[in-house]
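Have the viewer open and follow along.

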Amino acid sequence: MDKNYKKEGKYSYYEAGEGTPIVILHGLMGGLSNFDGVAQYFPTKGYKVVIPDLPIYTQSILKTNVKSFAKYVKDFITFKGFDKVILLGNSLGGHIALYHTKLYPEKVAGLVITGSSGLYESAMGDSYPRRGDYEYIKKKAEDVFYDPKIATPELIDEVYATANDRIKLIKTLTIAKSAIRHNMAKDLPKMTVETCIIWGKNDSVTPPNVAEEFHTLLPNSTLYWIDKCGHAAMMEHPQEFNEVLEKWLTEKNL
């Protein structure tokens, strides 16, 4: 990803391809590399893939919330000069994408959510995180996936380091509280943007009934399931994820 990684002003982001912009929002413990599969595939299909580094741990505590992150995304889209974008978010990134769409519907041509928070408050983990306990963190990281081997030692080390950084820990808990505060249930029926919901059938972080509730509440949504798949479908089944997303984009003429 390095050669397509850019820093401009206050923004750091990955960018590849030309065409309709797909702006991707990573989750709380996620990074840009979670979307390697999407980032390699869609630039070959006539899309510009853009993945900003979200300032999850770098903003002041007062700006560490879903609404501020949604505004950050809007400012980034304006900075890039995009008229309308397709927004794709996983986990907390899905929640930020939803909240952005609520605030700035004119900026969003289509919305894609996978394993998104926004309806289900323990999406951030009920007893998370216990500092200093590597085995506990390892188990938590593995539980995100249907196949625990997807949680590589590097990924576990990264989560462990975050859990043991006092400032990051405080911000993680601040974000978790913000996610509960910014529940989207009342907003979703008023959001008419075309929405693609791609969900792992075995997601234990945001269980399948959460996807069904999103589908019920969002007026123009299509729900797709990926089997033998946990909370991060684009990591666990990248090929299937890309095929489902491409099919939906084609059907919706986006």
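## Ground rules

This is a predicted model, in which local features need pLDDT of at least 70 and side-chain atom pairs count only at pLDDT 80 or more, while totals for chains, interfaces and linings use all residues. Residues are numbered from 1 along each chain as its sequence is written, and side-chain values use heavy atoms, with hydrogens and water left out.

For burial, "buried" is under 20% relative accessible area, "exposed" is over 50%, and "partly exposed" is in between, using a 1.4 Å probe and protein chains only.

## What the record says

UniProt, in an unreviewed entry, puts the feature "domain: AB hydrolase-1" at residues 21-117 and 175-238. UniProt positions are in the numbering used here, feature names are shortened, and annotations may be inferred rather than shown by experiment.

In the model, residues 21-117 are 34% helix and 25% strand, with the end C-alpha atoms 23 Å apart. Residues 175-238 come out at 34% helix and 19% strand, and their end C-alpha atoms lie 27 Å apart.

Which strands pair with β4? Strand β2 (residues 11-16) does, in the antiparallel sense over 4 bridges, and strand β3 (residues 20-25) does, in the parallel sense over 4 bridges. Pairing means that DSSP finds at least two bridges between the two strands. If you want landmarks, Y14 stands opposite I51 in β4, and P21 stands opposite K48 in β4.

Strand β5 is largely enclosed by the rest of the structure, because 6 of its 6 residues are buried. V85, L87 and G89 sit on one side and I86, L88 and N90 on the other, all of them buried, so both faces are covered.

β5 pairs with β3 in the parallel sense over 4 bridges, with I24 opposite L88 in β5. β5 also runs parallel to strand β6 (residues 108-114), and 6 bridges join them. Along that pairing, G89 stands opposite I113 in β6. Here too there is a right-handed β-α-β unit, made by β5, α3 and β6.

## Two positive phi angles

S91 isn't a glycine, yet its phi is positive, near 60°. You'll find S91 in the loop between β5 (85-90) and α3 (92-103), where S91 is buried at a relative accessible area of 12%.

K228 is another non-glycine with a positive phi, about 50°. This residue lies in the loop between β8 (221-226) and α8 (233-236).

## Helix α4

Which residues of helix α4 (residues 134-143) are buried? They are Y136, I137 and A141. Seen down the axis of α4, these fall within an arc of 135°, so they line one face of the helix; the arc is that of the directions from the helix axis to the C-beta atoms. The buried residues of α4 pack against α5 (153-163), with contact taken as heavy atoms within 4.5 Å.

E135 also lies in α4, but E135 is exposed, with a relative accessible area of 52%. E135 and Y160 are 25 residues apart in sequence and 9.6 Å apart in space, C-alpha to C-alpha.

## Cysteines

How many disulfides does a search of the whole structure find? It finds 0, where a disulfide is a pair of cysteine sulfur atoms within 2.5 Å. For C196, the nearest cysteine sulfur is that of C229, 13 Å away. C229 is likewise in no disulfide, and its nearest cysteine sulfur is that of C196. C196 is buried, with a relative accessible area of 0%, and C229 is buried with a relative accessible area of 0%.

Key
A crossover is right-handed if, with the strands pointing away from the viewer, the path from the first strand over the helix to the second runs clockwise.
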